[in-house]
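Subject: Structure handover

Hello,

Here is the structure we talked about. My notes follow below it.

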Amino acid sequence: MPKRIDPVLDCPLDEVPDAEALIQAAMRWHFSAETGTPYWLERAKSLDFDPIGDVRTFADLALFPNIVNELRTVPAEELIPNGLPERSELFGVFESGGTTGAPKRVVCMVDWMRRWLAFDNRNMDAWGLPRGLNWMTMVPSGPHMASARPREQVRSRGGILFTIDMDPRWVKKCIVEGRPEDAERYLDHLLKQAEFLLKTQNIGILTISPPLLERLARSDLLVDLVNEKVRMIVWQGAHMGADTRHILRTEVFPEVKLRGFYGSTMVLGGAFERMDLTDDDRCVFDPFSPYISYSVIDPETGAAVEYGERGQVVMHHVSKGQLLPNNLERDTAIRVKPLPGQLGDSVADVQPVASFHGKPVIEGVY
Amino acid sequence: MTGPIQLDALGHNGAYRSRDRLTVSDVTGTPVAELSLVPRLFVDRAMAALRRADGVPADRRVAAVTQAGRTFADAMIDGLSVSDYQYAVSRVCGLPISVVRGTTEAIRDAAAHAYGNARSARPVGAVDHWADPSTRTGTALWTRRGDVFAVHASGNHPGVHALWLEALALGYRVAVRPSRRDPFTPHRLITALRAAGFGDDQVVLLPTAHSVAGDIIGGADLAIVYGDDAVVNKYAGNSTVRAQGPGRSKILLTGQTWRSHLDTVISSIASRAGTACVNTTAVFVEGDPTPVAQAIAEELSAIPSLRPEDDEAMLPVKPLATARAMEEFLLGRAEGTKAWLGGDGVVDDLGDGSAVIRPAVFQVDDAAAPQVGVEMGFPCVWVAPWSRAEGIRPLRNTLVLTAMTDDERLIDELVNEPTIGNVYVGDHPTWWFRPGVPHDGYLGEFLMRTKAIIRD
């Protein structure tokens, strides 16, 4: 028998729900035995508050403990909502980059992927990117979410997807073990594959990580090919310094639109670079509110920093498919005023923290 | 002047003021300048531009380097007069202003003689140009080993920037990564070189984070790197990187005539505020070292503690915390030795967050004591006994050795010892230098090679 689903959780793909209505509906959904995830139903027993009664606003999301470390070991079945029992409703299981230890796992439901793609498409249209462009991704494959999204995206926008294999954990391992030259060789190996594609195929969109893009920029041949063919470069997966971004925009790829995407597997998506930024503006990212939202806090006190100040980024994901609240990320950013109607903060000039849980943070290639 | 001095990166497309800037503070912690730090992408592109750049004819290079030396030492550059520049270096590095002034003149001089000094290294069998008439019957040609030369500077002394002018004069394109303590000198010098006619793609200033520094060396054909023993060990055996580490310069006093050489000894220890690699680190005394140590201590104790910008200042000044750390390190190493000066500490707090580091004199009872290799960035000397029976073993690993002796067999041994850089016999302080003599071998030995040439 089909379960009755709160329409707030099932709003049309081209709309977004009211933020507080979403949060309250999601609490009822994830913490009711019939529809909730086994993980949260069990976890609720050790919470010192009542999620359904107490979590009603954005600020209330901070009541949750940061549970992401538990995602390193939880069986994936326990993260799938009881309300979505059919395996056909599961899009896939994705893993974090493994920057901060053993990988964390999240499940991505088909419903969420559809919502994300609709948001993604709205952004691309707003950027003036024509449909039907071919796409090349130089982002992690395997268990990572980064290459799954473009695969769906070309299906909805038309065009052909070209991919390469990338294992970011190998690069981190090389760096941690003091073998940076092996990491360099691997990047060159990836770029050689890019060269074959850029030389022979019509590539309109390139998704790539900043370390690879910087390395690509060393090659006159590849820079010429990108400038000749590519309409938009989407960078993601590692931070990009403000000076590097400025040089790429103004000197290396002056004719190509360069757009950042600040994604995190732990929120099943992320934030796109704000529209209409000039070459001299900070790189501001606005999340897919209200499903994905950010706070920028002082990690010592947990309080929000002032707008314009740097703090550590906390991320929340609230949807029918998953509840991933109050995750202290390994990044710092400048807190920026949100767009009208947006939940939480926008962020700018994202950088990794130097160490996390006492371990140095190695960004590597992604 | 309003606001801190802006020290832009000097890239292949001109000056670049980055968003990522490092505050450069003086010895009291007061901000003096903001240094633009460039990212890896900027470094990579600048190094590629140096490689692509066209060469400049030798006569124009030589004239421009000479002119730049004059501009450096005389002119207003980026709003800074030469005395503004000297004041900034003195306050930030904590170097006595007289040392900075002396170095300004040394850089002017080095620029005027850069090509001549470089050519001192040319083998007698080689000519400079293939068009030389002697190439028709076959000869050797002196040519560069590469096109791009990188410099990782140190901040202990602005004089390090006198040397790489030779590379520029020989036709290398040059990239300089400044130290964080003295970005002023290379910024001023490269600005002067550009004003004198060098293109932006001929010589660049690339201030950058430590993690990117390797890209500057990686992007060059040859590099010179200044640093400590760890840096020297890192590049040992690397034929394209010349590492310049501690000098561990020494003085040997034989016979009983030490009192007449005392001025040379004191000057060798304390000149340039004791910060240079040519300052004496250890004095070896044939016979009883006690009266020598005592006399050195007496002389050095008379040097006043003054702020670095004082005309009479002779000692280095550091942020108080840095000074305390150096003192702690020294006193730890000095355990088991006899202190003649500085045994209770060397820090003289100036009360403004900075401190003078005062001289130290310790006596060890064995020429092979490990302390004699401990080089500090201020006047600090280890006095050791020496006998002919010990020979030159304790005198090894030395940039400059001044020997007060007339024993020709001993002089032969010192000259033939591969780990001794320069040998000065008699009353010549270890810092003695004249254009045309090598500092640590000729740089030209490293930058150039010969090839055979014959033509119709």
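Chain B holds an open sheet of seven strands, in the order 16-19-20-14-13-21-22, with mixed pairing. Strands here are DSSP runs (E, at least two residues), helices are runs of H or I of at least four residues, and both are numbered from the N terminus. Two strands pair if DSSP finds at least two bridges between them. The edges are strand 16 (338–341) and strand 22 (420–425) of chain B, and each pairs on one side only. From one strand to the next, the twist averages 20°.

Strand 16 of chain B runs antiparallel to strand 19 (residues 360–363) of chain B, and three bridges join them. K338(B) sits opposite Q363(B) in strand 19 of chain B. Helix 11 (residues 290–301) of chain B packs on this sheet. Helix 11 touches strand 13 (249–253), strand 14 (280–286), strand 16, strand 19 and strand 20 (380–386) of chain B. Its direction makes about 35° with that of strand 16 of chain B. Contact means heavy atoms within 4.5 Å. Axes are lines fitted to C-alpha atoms, for helices over the stretch in contact, and angles run from 0 to 180 degrees between N-to-C directions.

Some ground rules. This is a predicted model, in which local features need pLDDT of at least 70 and side-chain atom pairs count only at pLDDT 80 or more, while totals for chains, interfaces and linings use all residues. Residues are numbered from 1 along each chain as its sequence is written, chains are lettered from A and ligands numbered from 1 in the order written, and side-chain values use heavy atoms, with hydrogens and water left out.

Chain A has an open sheet of 11 strands, also with mixed pairing, in the order 4-3-5-6-7-8-9-13-12-11-10. Strand 4 (161–163) and strand 10 (292–297) of chain A are at the edges with a single partner strand each, so one side of each has no neighbour in the sheet. Neighbouring strands are turned by 35° against each other on average, direction ignored. Strand 5 (residues 205–208) and strand 6 (residues 232–235) of chain A pair in the parallel sense over four bridges. I208(A) stands opposite W235(A) in strand 6 of chain A.

Two backbone points in chain A. The peptide bond from S289(A) to P290(A) is cis, with omega near 0°. P290(A) lies in the loop between strand 9 (284–287) and strand 10 of chain A. L268(A) has a positive phi, near 55°, and is not a glycine. L268(A) is in the loop between strand 7 (257–264) and strand 8 (269–273) of chain A. Most residues other than glycine have a negative phi, and most peptide bonds are trans.

Now the interface. The contact takes 14 residues from chain B and 14 residues from chain A. The area buried between them is about 1,100 Å², with 49% from carbon and sulfur atoms. Buried area is the accessible area (1.4 Å probe) that two parts lose on being put together, summed over both. R19(B), L41(B) and R45(B) supply 54% of what chain B buries against chain A, more than any other three residues.

Six salt bridges cross this interface. The rule is a side-chain nitrogen of Lys or Arg within 4 Å of a carboxyl oxygen of Asp or Glu. One links R45(B) and E251(A) (3.5 Å, N to O). Helix 1 (residues 40–52) of chain B gives the most to the side of chain B that touches chain A, with six residues.

Best wishes
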